[in-house]
Structure formats: structure tokens, C-alpha cells
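Please find below a colleague's note on the structure you asked to have looked over. The points are numbered so that each can be taken up separately.

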Amino acid sequence: MVSIVMACASQRVMAQDDKVSCQTCHVAQGGELGASVHQELSCQECHSGESTFSISQSELAKYLARSANSHLSFDHGQSFLGKPARKDIPERCGTCHADVSRMNPYGMRTDQLSRYWTSGHGRVLKEKGNDHVAVCIDCHGVHDIKSGRDPHSKTYSLNIPDTCAACHANQALMDEFDLPVEVVSEYRDSVHGKLLFEQGDTGAPTCATCHGNHAAIPPGFSTIGAVCGQCHHHESKMFATSIHAQQEEHKGCVQCHGGGEDSHFHHIERITKPPGLLIQRYAHLLKTQPNPTPAQVAKAIHPGPKQIIMRALPTCMDCHEELEDDESLPKLFNLLDEIAAAEQRYVETANRLDHVGQGVLLVENQRFLFEDAKTHLIALAPTQHTLDNEKVAEKVAALNEVCAQVNQQLDELEAGLTLRYKLLVPIWIFAVLFSIAIYAKYKQLKSQWVKPLK
Amino acid sequence: MPNDMNKPPSRRGFLDLILALGTFITTVAVAIPGLMYLWPAAKGGGPDKVEVEGASNMAPGQGKTIQVGSQAVVVVRHRGGFKAYSAVCTHLGCLVKWEQSSKSFLCPCHAAVFDENGKVVSGPPPAPLPEFVVKEIGDKVFVSAA
Amino acid sequence: MGLGKSVKQFFDDRFDTKLAAELFTKQAFKRLPPRTGWLHVFGSLSLLLFISQTITGIMLLIYYRPTPEAAHKSIQYITAEVQFGWMYRQIHAWGASVMIMAVIIHMIRTFFMGSYKKPRELTWVTGVILFILTITFGFTGYLLPWNQIAFWATTVGTESANKVPVIGDWLQYFLRGGDAVTGETLSRFFVVHVIILPWALTGVIAVHLFLMRLNNLATLERVDEEVPLKPEHGIPFFPVHVTKEGVVAVLLLAVLVTLAVVYPWEIGEPANPLETPPHIKPEWYFLPSYQLLKYFEGTYGALMGIIGCSVPFVLLLLWPFLDRGKERHPKKRPLAVGFGLFGLLGAMFLGYLGHISETEQTFFGKRYHITLKGWPVPLDDATDEAPPKH
């Protein structure tokens, strides 16, 4: 693209006293604009000024040969606005992006500007006049703005953490605002960051999912800590009923999931694991350990110390120092053991179902039934946020019930196979006796029909 | 034909009887499974095709979850006809539910929302709900995998 | 008896029934050499298995559907829903392996007893053709359940076709019915398996049996010095030899049912062209060629590999014309017997290497990882497989 523009530009330069356009001199910017989402716009839409200029070849050559430190100024026309100051950029973009009649043909919303002014970035810019905060171009680019769906865009989900890190991992810049620089690197190691970067799941939450993109936080939330409930609907609902939710000093979700005391709450971690991963880990265990003990299974499906948190309880004891000699503790431990046992039963049943289904039996009905077990297992995690032993026990029972049903049906199916084994006994008795009889007949016939040699 | 050797005829007759019996048992044992095999099985073969029970009683906008093979499928009656989508959320595999009031599929696990065409409206699912083939024959409705 | 008589009369008026009856009786009561023993049953055992394969194959065809969408489902249906469907499928699947085994033992017997020598060279040649047709049967039938193992084994199997010089790519395209293994391949393999091969095999079997009957069974006597068979010493095919085969047939049936129950072939996962399962290996009868091909690399290597795999078959076909010695008794033919043993043990060794390659094995109490080419690499006890990352 750039080379085409350059080729055209040089052709134009050849012509004597020709009219030249912006791109004759501003080659790079022209190329970027041509490849951007704004390719239909002309330079004047943002910069004003004239669109073409009459200039002789020799004079043009002077401008083109201009070295960086010379200050030969060019008359761009009376209305020319030049390069806008950083503090003016939001309003400049807003001339179109906040104008309903301009945005309507593209089906785009027009509240970005007003939302920006409510954001942390916008407020510092407006109230303190400090233009070291992010303005439109820092996240979207200047001439090279691309659609958020374009993988090369700065706002493509996989690129958003890098875009934010450009400032939020800059020590000098963050010191100015007294903000930590570790947040993006913590995010990268968090469950969401791993989902995004390691599994390429573009549906995984990025910085903007929780912090909002133009506004500070998504509408309807008082603090960032409360946005988790957007996706973790059940967890937040259940948590709201728990005793923790009533404690002033409790930090909410990040208290347990935020990655510990010395993190900045961006190292969000799981404590339990989704069914697919449990099954995968169990299958892996079986490769090396065909007959694992329950302890081995528990360790295999929750290998990290953080993931058997409920049994080890270090996080709880961060606050509940007295818990060590609490009488309710054995009861809690008992329940946690039951959860672990139910998870184990789940992975074993899943494995058995898979194994039997690939053998000689049809297990479609059992697979269908087992879908419920998965939903129960996933529901088990949110229920634990109620801190209500009875509710958790109910869910555990429901999960166990489905697993027991599936196992019982599989037992019945396999009993049919055992019957086949039993049938082999009479078949062999018959086959041996019958072949002995035929052999006797053979001997008899041979002696009748064949004269022995010698 | 050769002469009978020193065998008493009764013993020969007994052996022949056993052989005849053995042959008979073998023939029956082979023929009966064969005939049973040929007899059409209760459930027809081929791709899974399931009739939606009570489809004609469903009001427009109403949905119900049915089993197709081993899969859970939600059938929804729209004004224009029936549509069926996999009930398994493409995120972690929870079963989604049809919400008649909002005309969308809701996954209870991470509050994902799919529109009436199975497309992701919000939430973490990476892909739309797979669609199932619906055939309406008279007032009967059949669902099968695509 | 009026009816019986008039039926007889009907045929008498139209054919020389006496001649027909004579031909039939002559063949049925034909005297076989006196030393026709248990080793001689493997030929008829192969035939018996072919008949069993034909019957079970026809039975399976009733419910089988040869399309990528329905094939795997129909196998599931046969195995789990149709009464005794599991048995027919298992007997058919096992029958294939047992039949190839029977054919191989029959060939070994023929080879070591020198039965291929004059005047029975052509019987041997048709026998080798039958062997090749039988393993082609196995190869084409293996794909039909359309499960992961079948799909990928066929992909790998047809892949080696493009190593054939000049026409390789064309040959592979032709075999697969396209660039990759698809529904087109399934159709092709299906047609070859259920139409072309059964008739081809039937035809060659007819020639094979005809030649066998013309020259009678071979003895261990020197070529051209055979002592003529005295009829009274010979064993009549019917009713004497046939009872011996009856014993074999009854036991075979019991063995097949037992294999079907105890070691059922699994249905497996449906074929997924987007996901290759680890360690794809062909059936046991292809393992020697599979392993041999691994040792030849590069353009010329691949060509050498193809040649290396074809040479044994060419040698088998031409063997009666290469070995023209008069002796039949194995003790008097050390060279041929040595050569045969070398080929046999070599194939078994290669097959074993193919079987254990890319696995872990314990030899003399020590764990080894067996590489692709079959070299054992000692495993360090401390190294454990790393758990999956997440």
C-alpha cells in the first residue's frame, strides 16, 4: 500500500507545477490510513486545511529533502489545525464518534466520549489537566486504527493486555500515579490470562472485560471487585447469602481468589477445576497408575497446594486464626472429604462411561444421564460460596445420585456380557464331545475304507 | 462297499445317533441366532432421529429439552416453526435453558446468553450452540443431528 | 414314488445324469494319499473360513451403511441393538485374522513339504494369489467400521502408495478416491470388499481346487519318481477325510465364538479427520511390511522400501520356478528350508519390532522405550511423565 502511494507520489513529483496531495509528503501516514478502518476518510476530516496544493517541482524537492532538524514550514491552508494536542484528542475524535448522524450509517454507538470522561483516564485529564493518561490514540492507534475484530488491531482481545501494558507496566509512568506495575503480568499468570494466551480462547475476559473499555467500570457496579458476578453469576449470588458478604472488611471475590496478600488482585485463581480438566487429569493418572488409591486420585485431580485449599485451609486461617481449635472444624473437614470423594466418583464414572462406550456396548442413555452430573459438579463450586454446609451436602448428594445411577445402569449392561462368558462353558463341552464323536467316526470309517500300509 | 469290521452294530448305531444329534444341535444353534439377527430390532438403525413428544401442544415461544442419541437438545417453537439447538453450552458444557421471556438460551454456570438462533450474545462461550436438523411432517416434529 | 421317478425322468431326458453322477462320485470318493494328516486340514480350514466370512459378511451387510455419516453408527447398532449382531460382527472380524493365519500355515506346510514342486507349480502360484487377495480383503474391510483406528491406519496405509516410483501420487489418489481418506475412500473400499474381492477369490479358489484335484495331493517322494497311489491304501475324501474336517469345523466354530466373547473388537471412537490418535499401527499381518518401510528414508530409500516389501511376494510367486530340485523331503533340501526359515523368522521378528515400537517394554527387569525403528532405549527410573499443563 505504502509503495503504491510512493509510486503515485513520485509520478506526481515528475509533473511540472502540478497539484500535489497530502500523501506526496506524508507517505507513511497516508499508507497507514489507507489500510485502516478510516480508509474512506480524507486527511481534512481530522486536520482540516486544503486537500491539494499547487507547487513547483523544484520547491517540492526542497520540502522533500528537508532534514528533520530544519524548520521549513509549509502553508497547509488557513483552516489547517495541525497535530492536535493530547488533551484535545478525545473531543477531536468525538466530533464524529459522538455524533449520532455521523455514526448511524455504521451502526456504532456514540457514548464513548461521554463514557470516557467518567473513566479514571478521562477524569484525570479533565480535572487535573494531566495528559499523561491514556487518550483515544493510545489504545486505538493514530492513523492505523483497525477494527477490534482484526487480529492486528490494538483492541483485538489477544492484544488488549499488551495495549494496556504499554502504560501500566511502565514504572516511571505508574509511579507518577502511584499505581502498581505488576497488574498485567499478574493477569497473564491468572486463570483468565492463561485461558486467553495459552488456550487462545478469545472469549476469555481481558482487561477491558472487567475494567470497561471507555468507561471506568461496567454500568451498574459500584466497584471493580463486584464485576466478577457478570460472568460468575451463581458464585456471586451464592456468595451474597454467605456470612462473608456481610463483613465490612471482607474484600469479596479477590479475598480468596485474588492471588494472596502480596499480589495486586490481578492474579485471579481457581480453587476447584472444571469437569473436563478433572477428567483429563484422571486419564493421565491412569496411564502411569492403572489402579490408583483415592489419595492418588485426589492429588492428581487437584495437584497444586492452592487447589486443595479447602482441605489444607491455609487461606481461611489467614483471617480465622482461631479456626485451628474450632469444634466445627471436623464437620467442615468431613464435608470437604465428601466433596473430594464425589469429584473422584465423577471422574471414575466419566472414565468408565468412555471406556465402556468404546467397547461393545451402547451407552447413549447413560451419557445423556451423565450430562446432569456435569451440571451438578459445576454447580458444586458456586454452592460452596454460601458457606452453608447443608446446601453443599445437598449438591454433593445430587451428584453422587447421578453417578450411582449411571454406574448401576452400566453394571446391568455389563451383566449381559458376563452371560456370554457363561454360555462359553456349555459351548465348549458340546464342541469337545461332538468333535470326539466325529473323530471316533473318522477312525471307524478309516478302518472300514482304508487298507493300512504294510 | 467295504465290509463291516469287528464292531457290533449297536455301538455303531449309537455313535451315528450321537453324530446326528450333534449335527442337529449345531444346525439349530447356528440357525436360531441367524433368524433372530434377521428379525428387525426394536429400535431402528441409522442416524438418530427423535420425535418430539407433545410438539403440537407447545405454544409459540415455548421450549423443551429432549434427548437425541446421547445429546441433550433444546427444541423451541417459534412462530415460523420449530428450531433445535444443542443444550450443551460451548464454554464448559453445562446445560443451557430456554428463557421464554427473553427469547434466549441462558447458561446457569457463567451467565452466558445465546440468542434464539444460538449465537452468543454475551458471556464467555467461544462458539454458537450447534444447530440440529428439524423436520416437520404433519403435526409430528422430528429432530436429528446435522 | 411316482413323483420322484418323474423328476428323475425329467432330468434324464435333458442331461446325461449318469455321467454327472459318475463325475460327482469320482470327485467325492477320490482317494487321497495315505499320509494325508492333520497338517493338511489348513487348506480346507481356509476355505471353511472363507465360507464363514461370506455368510457373516452377508449378514452384516443387512444392517451396515457404507457412508461416513452412518457407518460407525450402524456398527454400533449392529453390536448393541441387533440380536446376536455382536456375534456376527465379532466372528467376521476375528474370522479375517484367523483366515489369514490359516492361509499362512497352509503355505508354510506346502513350502516345507515341497508340495509346490512339479507338477503343482501353478497350484502354488494360484495359492499365493489367494494369499494376496486375502490380505487385501483384510485391508479393505478394516476401514469399514469408520472408527479412528481404521481411518488413520488406512490413511497411513495408503500414504505408502505414493512412494511407488512414477505413478505413486496417481496410485494414491486412485486408491483413496481423492487427496485424503474420505467418504469416497469408504465407497471404494466397500465395493472392493463386498463385490470385487469375494468373486475374485471365489474364481481363484475354483482354479486352485481344480488344479489340486487334477494332480491329487503331493507326497514326500522325489519329483517324477512318485510311486503310483494304490487305491485301497488311499483315504477317500468322502466319507473319511471329510469327518476329519468336521472335527476341525466344530472346533473352529467354538474358537471363533470364544474369541468373539473374550476378546471383542471394540467399536472405538468415530473417525475424526482432524485429530490423529497416537501410535497408529496396522493389523498384525501388515506389521512386517510396516516395520520394514521405516528403515528406508529419502526418495531412493522409499523406493527401496517399496521394492523391499514387494520382493517377498515376487519371490513367493516365482519360487516353484526358482527351486527346481527333485527332493521334496525337508531334510533333503537344507538350502530351501533354511531360506524359508530365514524369511519366516525375519518376518516374525520385523512384525514383533513393529508391534513393540513406540511403546515401553520390560526386558530382564529393566524398562526400555522402544523407538520407531525398534531400538530399545533404557528408561531412567526417575523420569516420570510430566502432568498436563493447565
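Predicted model: local features only at pLDDT ≥ 70, side-chain atom pairs only at ≥ 80, totals over all residues.

1. Chain A, overall. The secondary structure of chain A consists of 24 helices and two strands. The chain has 454 residues, of which 25% count as buried. When contacts in chain A with a separation of 6 or more are considered, 59% of them are accounted for by residues 24 or more positions apart.

2. The contact of chain A with chain C. On the chain A side, 29 residues are in contact with 33 residues of chain C. The elements of chain A that give two or more residues to this side are α18 (275–288) and α24, and α24(A) provides the largest share, with 15 residues. Sorted by class, the side of chain A that touches chain C has 18 nonpolar residues, together with six polar and five charged ones.

3. The contact of chain A with chain B. Here 29 residues from chain A and 24 residues from chain B take part. At least two residues of the chain A side are supplied by each of α16 (233–240), α18, α23 (364–383) and α24, and the largest share, 10 residues, again belongs to α24(A). As to class, the side of chain A that touches chain B divides into 12 nonpolar, 11 polar and six charged residues.

4. A:A398 has its place in helix α24 of chain A, which covers residues 389–449. The C-alpha atom of A:A398 is separated by 8.0 Å from that of A:A373, although the two residues are 25 residues apart along the chain.

5. Chain C, overall. Chain C contains 13 helices and five strands, and its C-alpha trace spans about 85 × 55 × 45 Å along the principal axes. Of its 390 residues, 33% count as buried. Among contacts in chain C between residues at least 6 apart in sequence, 73% join residues that are at least 24 apart.

6. A helix pair in chain C. Helix α3 (residues 41–63) and helix α10 (residues 237–262) of chain C pack with their axes 10 Å apart and at an angle of about 50°, which means that α3(C) is oblique to α10(C). The crossing in which α3(C) passes α10(C) is right-handed. In this contact C:V41, C:S44, C:L45 and C:L48 of α3(C) meet C:K244, C:E245, C:V248, C:A249 and C:L252 of α10(C). The residues concerned divide into six nonpolar, one polar and two charged.

7. The domains of chain B. Chain B is divided into domain 1 (1–39) and domain 2 (49–144). Taken over C-alpha atoms, the centres of domain 1 and domain 2 of chain B are separated by 61 Å.

How values were computed. Residues numbered from 1 in each chain as written. Chains lettered and ligands numbered in written order. Helix = DSSP H or I, 4+ residues; strand = E, 2+ residues; numbered from the N terminus. Contact = placed C-beta atoms within 7 Å. Nonpolar A, V, L, I, M, F, W, Y, C, P; charged D, E, K, R; others polar. Buried ≥ 20, exposed ≤ 12 C-beta atoms within 10 Å, placed from the backbone. Axes fitted to C-alpha atoms, helices over the stretch in contact; angles between N-to-C directions. Parallel < 35°, antiparallel > 145°, perpendicular 65-115°, else oblique. Left-handed = near helix turned anticlockwise from the far one by under 90°. Domains from an automatic or database assignment.
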